[in-house]
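Have the sequence and the 3D view at hand as you read.

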Amino acid sequence: MSDGDASGTPCMWMRGGTSKGGFFLKDDLPADPLARNELLLHIMGSPDRLQIDGMGGGDPLTSKVAVIGKSARKDVDVDYLFLQVFVDQANVSDAQNCGNMLAGVGPFAIERGLTAAVSGETRVTIFMENSGQLAVATVQTPGGIVRYHGDARIDGVPGSHAPVPLQFCDTAGSSCGALLPTGNAVDEVLGIAVTLIDNGMPCVVLKAADVGITGYEDRESLDNDDALKAKIEALRLAVGERMNLGDVLEKSVPKMMLVAPPLHGGTITVRSFIPHRAHATIGVLGAVTVATACLIKGSPAAEVAVIPDGVIKTLSVEHPGGELTCVLTTSDDGQVLSAALLRSARKLMDGIVY
């Protein structure tokens, strides 16, 4: 174990969107990735189903890490590396972004003095190291101080908090090299029609009905359906090479998105697997990617979605915990130019973790 085990490591624990985890300054962690990952596994208490000897909450959504440093890139404030610490495996993955944890990056950067706050609200430009792309977070900073309380509500999080709007530009092909890595709106894999797509998160989008469910099941029912999970895992493993992700057996991507018609006046209903457990809600960039799939003619998502008119489209993605609204700006020929959505964040603890 590194020296960080004995002396402790400065850390801020934060909720970002519907996720929770540790936020670290890059310089406070070992520079060597192997040593860094060993330390993070120790901090989280992995591998253990309950993570009883660490800070993790026994769930992928509460076993996350954000590593942040001041950026040397022009017109960028901070660099953000997301790390998924597996719960019951000794594995730390940088294979994906996390748009929920992203909501905490702006507040953390201001709190740590990596970017200066202005009175009112502060825009923080963030380079997402996992995908090499940019996001802009707008943080409420009355009097130059980060404000966490407010009136914004997001499904999956109790109460209300200060809003943190996030804007994403040029996220297509973040990990797969293209929005549609096979070049097809629809591919047939193991006899099932799927859309292989990446608009910030590599996803496999398919109709829930095609794998024998309605798409309206609760998380517990899905997690207890071993036959369903085996079926979608076989699909996931079969598409790794096609999505330019290689062998995905031990990777946290692609995510599996099982879609159905909306039930509550939204655009589409989704049950998301991340990838081996059902998500309590849906990941931010997963929602953006599914919303984008809704706009691709002939895709499984488009066949069940209710799409509004207009160049700027507000798409409500229904999930087990409620809904997540994506605002997609499109070109005249239907290409998605940018995506924006609303998250919130809260500082939970600031101190030393061992």
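## About the model

This is a predicted model, in which local features need pLDDT of at least 70, side-chain atom pairs count only at pLDDT 80 or more, and totals for chains, interfaces and linings use all residues. Residues are numbered from 1 along each chain as its sequence is written, and side-chain values use heavy atoms, with hydrogens and water left out.

## The largest pocket

A pocket here is an open set of points on a 1 Å grid over the protein atoms alone, with protein on both sides within 12 Å along at least five of seven lines; lining residues have an atom within 4 Å of a point. Volume is the space filled by probe spheres set on the points, which are joined across faces, edges and corners. The largest pocket holds about 550 Å³ of space.

The most come from α6, with 3 residues. The lining has 13 nonpolar, 14 polar and 5 charged residues, where Ala, Val, Leu, Ile, Met, Phe, Trp, Tyr, Cys and Pro count as nonpolar, Asp, Glu, Lys and Arg as charged, and the others, Gly among them, as polar.

## The second largest pocket

The second largest pocket has about 280 Å³ of space. Its lining numbers 19 residues, with L179, T292, G334, Q335 and V336 nearest the centre. β8 (163-169) and β16 (336-353) each give two or more residues, and β16 gives the most, with 4.

## The cavity

A cavity is a set of grid points where a 1.4 Å probe fits but cannot get out.

## Helix α3

Is α3 mostly covered or open? Of its 13 residues, 12 are buried, meaning under 20% relative accessible area with a 1.4 Å probe and protein chains only. P107 is one of these buried residues. Shortly before P107, α3 has a kink of about 25 degrees at V105, the bend being the angle between axes fitted to the seven residues ending there and the seven starting there. After α3 comes G113, with a positive phi near 75 degrees.

Definitions and conventions. Buried means under 20% relative accessible area, exposed over 50%, partly exposed in between (1.4 Å probe, protein chains only).
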